[in-house]
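I set out to record the fold, the core and one central region of this chain. My entries follow the order in which I looked things up.

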Amino acid sequence: MTHPQFPDLPWIDADLRIDSHVLADVEAHALAEYPSECCGFLFGPAAEPERLDEARREVNEADKYHRLDPETFPRTSRTYFKIHELRAARTLEEGAAAGRPLKVIYHSHCDAGAYFSAEDAATFAHEGLLTWPADHRVIRPSDPTE
Ligand SMILES: [Zn+2]
C-alpha cells in the first residue's frame, strides 16, 4: 500500500510493528511526563517499512509557547503538545539520508482517548494533507498513581 501524498515512504501506510523495548520506552516516557503530554519520534530501517526499532524523546514545548504568548497558545502541556519544528525537519532529513527514517511522531493524551484529535489534525494536516511525512500515533497513559 502507498500513501497518495508520499508514495516513496511505504511506512506511512504500513501496518507498523513496534519492537517491545521501543514500546516500553514510549510508555515510560508517557508516564514520566504525566500529567503533561509527551511527544517523540520513532525510527526504523528503511528496508523494513513496517518496523519501528528506536524511540527518541522530544521536549513538549507547549508550556514555553503558552508562557510567551498565551493568546495564540491558550493550551498548556496538559492538553497540547508542540514539537520543535526545526529539529523535526532536520531529523526527518537526517533519518532519510541515513536509511533510518523517522516514521512516526508519537504523543500522549492524558486522561483522554488515544485518538487523533481535531487539534492534532489542525497542527499536522492542512486541507487533508499531512504537514510532515510521518505517521502519527497517539498513546493514552493512565494515571500512574491509580
Ligand atoms: Zn493530541
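The entries below go from the whole chain to single residues.

**Entry 1. Source.** I worked from a predicted model, in which local features need pLDDT of at least 70 and side-chain atom pairs count only at pLDDT 80 or more, while totals for chains, interfaces and linings use all residues. I numbered residues from 1 along each chain as its sequence is written.

**Entry 2. Overall fold.** I found four helices and eight strands in the protein chain; helices (H or I, at least four residues) and strands (E, at least two) are DSSP runs, numbered from the N terminus. Along the sequence I read the order β-α-β-β-β-α-α-β-α-β-β-β. The radius of gyration of the protein chain is 15 Å, close to the 15 Å from the globule rule for 146 residues, so the chain is as compact as a globular protein of that length. That radius is taken over C-alpha atoms, and the rule is 2.2 Å times the number of residues to the power 0.38. The C-alpha trace spans about 40 × 35 × 25 Å along its principal axes.

**Entry 3. Burial.** I noted that 26% of the 146 residues count as buried. A residue is buried if 20 or more other C-beta atoms lie within 10 Å of its own, exposed if 12 or fewer, and partly exposed in between, with C-beta atoms placed from the backbone.

**Entry 4. Core.** Which residues have the most contacts inside the largest nonpolar core? I listed C39, F41, L42, F81, V104, I105 and Y106, in a core of 19 residues. At least two core residues come from each of α1 (20-33), β2 (39-43) and β5 (102-108). Such a core is a set of buried Ala, Val, Leu, Ile, Met, Phe, Trp, Tyr and Cys residues joined through C-beta atoms within 7 Å. Not counting residues up to four places away in sequence, I105 touches C39, F41, I83, W132, A134 and H136; contact requires C-beta atoms, placed from the backbone, within 7 Å.

**Entry 5. Strand β2.** Five of the five residues of β2 are buried, so this strand is largely enclosed by the rest of the structure. C39, F41 and F43 point one way, and G40 and L42 the other. I found β2 antiparallel to β4 (residues 54-58), with five bridges, and antiparallel to β5, also with five bridges; strands pair if DSSP finds at least two bridges between them. L42 stands opposite A55 in β4 and opposite V104 in β5.

**Entry 6. Cis bond.** I located a cis peptide bond between Y34 and P35, with omega about 10 degrees. P35 lies in the loop between α1 and β2.

Note on methods:
Two residues are in contact if their C-beta atoms, placed from the backbone, lie within 7 Å.
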